[in-house]
Amino acid sequence: MQSIIGLDGCASGWAIASKNIKSDLIEFHLISQLDQLNDMFKQPYLIAIDMPVHLINLFRSVDQKARVILGKRASTVFNAPSINALKENNFQTASLINFELTGKKLSKQSFNLFNKIREVQNFKNSNPAIRIYESHPELAFMKLNENHVVLEKKKTTEGMIKRIKLLQSIFDSFDFENSRAKFNKNMIKNDDILDSFAMLYVALKIYNRCEDCIMDDVFENVSISF
């Protein structure tokens with residue numbers, strides 16, 4: 001295992017925060033497609049990603065459990081789509097199929113991420129040697145904040161500053177402004193940068209076998225690490 005990677009989806013593709021396990025250096029990049037990871041990093045590598053990884057055709061209890069933990073920030077967690085709903089390109093049809101299988105309709109937020117969720121599924125299936133784990137940034141920031149949910153939204157100045165300080169508490173070399181200056185804001189938003197580094201924090205915890213984990217009530221491989 002050479003590289004540990006945090007991934008978050010953004011307008012231009014995917015935000016990458018990475019660390020070589022033999023170095024203290026952390027890096028930040030953008031890619032348009034997940035397959036480009038294999039050109040940048042030597043396999044096998046470990047990924048924590050803010051995107052559903054293991055889908056089923058039943059209700060995933062992990063999503064509801066994450067919302068309970070986050071309390072007032074519960075709205076940041078959406079129900080992952082069912083496998084069959086993900087095959088549809090029409091929102092109404094996909095939502096109906098999802099309701100029939102899980103008892104829950106799809107949110108527009110979830111449907112808008114279908115292409116990225118499909119990309120994750122294809123990447124996972126095509127690269128079985130890569131360890132890829134589902135996570136959630138707000139759970140990661142909660143752990144960094146001494147198990148207190150960060151109530152300030154990331155899009156506010158106060159919320160940004162607080163999360164930057166939390167990331168700096170574990171990454172000495174984290175420089176938000178330096179990462180921000182690399183790419184135009186129409187390519188990546190401020191919160192996407194922060195979330196990718198939050199995912200890197202989780203990936204490092206997984207590598208060191210000290211992560212927290214929400215387990216599904218029925219399916220052992222369906223979980224959210226943080």
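Biologist: Quick one to start: in which sense do strands β1 and β2 pair, parallel or antiparallel?
Modeller: Antiparallel, in this predicted model: β1 (residues 3–10) and β2 (residues 13–20) are joined over eight bridges.

Biologist: Nice. Which residue in β2 stands opposite L7?
Modeller: That would be I16.

Biologist: And what is the strand order of the sheet?
Modeller: The order is β3-β2-β1-β4-β5, an open sheet of five strands with mixed pairing. At the edges stand β3 (26–31) and β5 (131–134); each has a single partner strand, so one side of each lacks a neighbour in the sheet. On average, neighbouring strands are turned by 20° against each other, direction ignored.

Biologist: How do β4 and β5 run, then?
Modeller: They run parallel, with four bridges joining them. In that pair, A48 stands opposite Y133 in β5.

Biologist: Which residues of β5 are on its covered face?
Modeller: I132 and E134 are on the covered face, while R131 and Y133 are on the uncovered one.

Biologist: Which strands does helix α6 touch?
Modeller: Helix α6 (residues 114–126) packs on the sheet and touches β1, β2, β4 (46–49) and β5. The direction of α6 makes about 45° with that of β2.

Biologist: Switching topic: how many residues has the largest nonpolar core?
Modeller: It has 33, and F171, F174 and F197 have the most contacts inside it. Helix α10 (190–207) gives the most to this core, with eleven residues.

Biologist: What does F171 touch, leaving out residues up to four places away in sequence?
Modeller: F171 touches I26, F197, L200, Y201 and L204. Apart from that core lies another, of 28 residues, including Y45, I97, F111 and I130.

Note on methods: Residues numbered from 1 in each chain as written. Predicted model: local features only at pLDDT ≥ 70, side-chain atom pairs only at ≥ 80, totals over all residues. Heavy atoms only, no water. Pairing = 2+ DSSP bridges. Helix = DSSP H or I, 4+ residues; strand = E, 2+ residues; numbered from the N terminus. Axes fitted to C-alpha atoms, helices over the stretch in contact; angles between N-to-C directions. Contact = heavy atoms within 4.5 Å. Buried < 20%, exposed > 50% of the residue type's maximum accessible area, 1.4 Å probe, protein only. Core = buried A, V, L, I, M, F, W, Y, C linked by side-chain atoms within 4.5 Å.
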